[in-house]
Amino acid sequence: MMEENALQDLDILLSSKSGVQEFRCFLRSEFSEENLEFWLACEEYRVSRPRLQGTKASNIYSQFINPDAPQEVNLDAETREALLSGMDTPSVDTFNQAQQRIYSLMAKDSFPRFMHSPHRMASRGST
């Protein structure tokens, strides 16, 4: 089980423009920024106008979910299949399950590494 403080720290980081930028730079250095980019795209999708959701959903699927996607995220087959079946009629919550899985991956894997990285330590020292 993830420590609640770590989840709160990740939430705080993701709600800050500078925090997202720091995390993105770190993930880029590890060649693993696709999870953050997917999470951000889902956040944008959720607040988009309904008439734009079909196009945005298709773009997210092509960019992150499709097996030959340029920034394919690591999702289990069940989540991937559920997404595929929902792509015909996308709704505001189409990506919720996948976004939560990616959030959990970031919270368990890349975020703890980020918090202990020299990059994060240096940026904390300069503020």
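# Helices and cores, term by term

Tutor: Let's start where two helices touch: Val 20, Phe 23, Arg 24 and Leu 27 in α2 meet Leu 36, Glu 37 and Leu 40 in α3. Keep in mind that this is a predicted model.

Student: What makes up the contact of α2 with α3, by residue class?

Tutor: Five nonpolar residues, no polar ones and two charged ones. Arg and Glu count as charged, so Arg 24 and Glu 37 are the charged pair here.

Student: And what do the axes of α2 and α3 do?

Tutor: The axes of α2 (residues 17-29) and α3 come within 9 Å and cross at roughly 145 degrees.

Student: Why is Cys 42 called buried?

Tutor: Buried means under 20% relative accessible area. Cys 42 has 2%, so it counts as buried.

Student: Then why does Cys 25 get the label partly exposed?

Tutor: Its relative accessible area is 33%. The label covers values between 20% and 50%, so Cys 25 is partly exposed.

Student: How do you know that the buried residues of α5 are on the same side?

Tutor: In α5 (residues 77-86), Thr 79, Arg 80 and Leu 83 are buried. They cover an arc of only 100 degrees around the axis, and that puts them on the same side of α5. In general, an α-helix has 3.6 residues a turn, so residues three or four places apart point the same way. Ala 77, Glu 78, Glu 81 and Ser 85 are exposed on the other side of α5. The cover over the buried residues of α5 includes α4 and α6.

Student: Which residues have the most contacts inside the largest nonpolar core?

Tutor: Phe 38, Ile 60, Phe 64, Ile 65, Val 73, Leu 75 and Phe 95, in a core of 16 residues. The elements giving two or more residues to this core are α3 (34-46), α4 (50-65) and α6 (96-115), and α4 gives the most, with five.

Student: What is Phe 64 in contact with, leaving aside neighbours within four places?

Tutor: The partners are Glu 34, Glu 37, Phe 38, Ala 41, Ala 69, Gln 71, Glu 72 and Val 73.

Notes: Residues numbered from 1 in each chain as written. Predicted model: local features only at pLDDT ≥ 70, side-chain atom pairs only at ≥ 80, totals over all residues. Heavy atoms only, no water. Core = buried A, V, L, I, M, F, W, Y, C linked by side-chain atoms within 4.5 Å. Buried < 20%, exposed > 50% of the residue type's maximum accessible area, 1.4 Å probe, protein only. Helix = DSSP H or I, 4+ residues; strand = E, 2+ residues; numbered from the N terminus. Contact = heavy atoms within 4.5 Å. Axes fitted to C-alpha atoms, helices over the stretch in contact; angles between N-to-C directions. Arc of directions from axis to C-beta.
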